Each structure stands twice: as C-alpha cells, then as structure tokens.
Amino acid sequence: MAARSGAAEVRVLLLLWFAALEGAAGSEPSLKCEELRMGQYMCDEPKIDNSTQEPMNCTNHTAYVQCLPAPNITCKDHLGVEKVFTGHEVGFYKPIECRNVNGYSYKVAVALSLFLGWLGADRFYLGYPALGLLKFCTVGFCGIGSLIDFILISMQIVGPSDGSSYIIDYYGARLTRLTITNATFRKMQTYP
C-alpha cells in the first residue's frame, strides 16, 4: 500500500512539475503583428489614384497598406487571432501619410495666377471670392498684388480655401514647409 501511495505521489509531483514547465513556457505574452521589427514583415506599395496622385482611400491624412509577416512568424493579426504565418496572409495594416485633395490642380492655379491674376481668377478658383473681387476691381492691386499672389501660389504658400492640398502630377517625394510650433526646439542664439 505504501508503494502505491509513493508511486501516486511521484505521479502527482511529475504532473505538477510538467504543468509548471508548461506554464513557464506559455507565460510569455504573444506579440502583436504591428510590433514586429523591420525585416520580419513586408508591406505592399500603396495603390495610387491616377486622378489625384495620392494613395486610394486617403482620409484624415492617412491611408493604410497591408503588411505580410515573414514565413514562420507567430503573432496576433489585425483581428487579434494568434497564428503562424506562411508569408501570404495579411498580418496588419500599416498607416502611411497622405495629403487630402479636393480637386484643385496646382498647374491650373499657377496658370490662372500668371495669365488672369490681375482679374482675380486665381483667387476665385481657390475659393477666396472676396479677394478675387477686390483684385478684379483694383486690377490686381495695380499689378503688385498679382505678382505677389503669383509668387505665393507658385511656392504653395497660398492653397485652396478648404484646407486641402493641390493635385500635383506625380506621386513621390515633395517639399514640405517647416513651421515653428510649441513642440519645436529652438536653440537660443549666443552672442560673442
């Protein structure tokens, strides 16, 4: 009887030991696919709309592209399901920055400013009817306002009145204007 109880105790101890090992191995939290490192996933190129030259489905300056984890990577996908990927399934959607456009062409705005700026056509086109009417009545502020507006529109300082961006004929790197905000670090100038 003592041998049986000793064998039962050994079995129970072995079961507890295996359970402890299993618990220690499974205690590591599973990784979300969004937290993978570079090289562990590959994202598709965004699909570009030919009319706007921006990624399709761009809303609030953000579009999403699908990313595929590398083969044999285990992580939680965009639905929260943990699985081992083969390299052909979508693991998550990566946000990319894009510009919201509402149909205002950069070429048209510059051409209107150059040729009909003295009539205020550029300001009417961009959605500033009061300034357009003022330029029309003053013949472009005697030409000086037309020249200033041409420079401002060409440098994209003046844009559409609704806050959207111009449609530009290419997709790729663009110039961005740097601004100073409260989050910008300014180094104080020291005088000799």
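Helices (H or I, at least four residues) and strands (E, at least two) are DSSP runs numbered from the N terminus. The model is predicted, so local features need pLDDT of at least 70 and side-chain atom pairs count only at pLDDT 80 or more, while totals for chains, interfaces and linings use all residues. Residues are numbered from 1 along each chain as its sequence is written, and side-chain values use heavy atoms, with hydrogens and water left out. The chain has a mean pLDDT of 84, with 83% of its residues at 70 or more.

An unreviewed UniProt entry annotates residues 104-121 and 133-157 as "transmembrane region"; such annotations may be inferred rather than shown by experiment, and their positions follow the numbering used here, with feature names shortened. Residues 104-121 are 67% helix and 11% strand, and their end C-alpha atoms lie 13 Å apart. Residues 133-157 are 80% helix and 0% strand, with end C-alpha atoms 20 Å apart.

Helix α2 (residues 106-116) packs against helix α6 (residues 144-154) at about 165°, the axes being 9 Å apart. Axes are lines fitted to C-alpha atoms, for helices over the stretch in contact, and angles run from 0 to 180 degrees between N-to-C directions. The two helices α2 and α6 are therefore roughly antiparallel, a term for angles over 145 degrees. In this contact (heavy atoms within 4.5 Å), Tyr106, Ala109, Val110, Ser113 and Leu114 of α2 meet Ser146, Asp149, Phe150, Ile153 and Ser154 of α6.

Isoleucine 96 belongs to strand β5 (residues 92-97).

Technical notes. Angles under 35 degrees count as roughly parallel, over 145 as roughly antiparallel, 65 to 115 as roughly perpendicular and the rest as oblique. pLDDT is the predictor's confidence in each residue, from 0 to 100.
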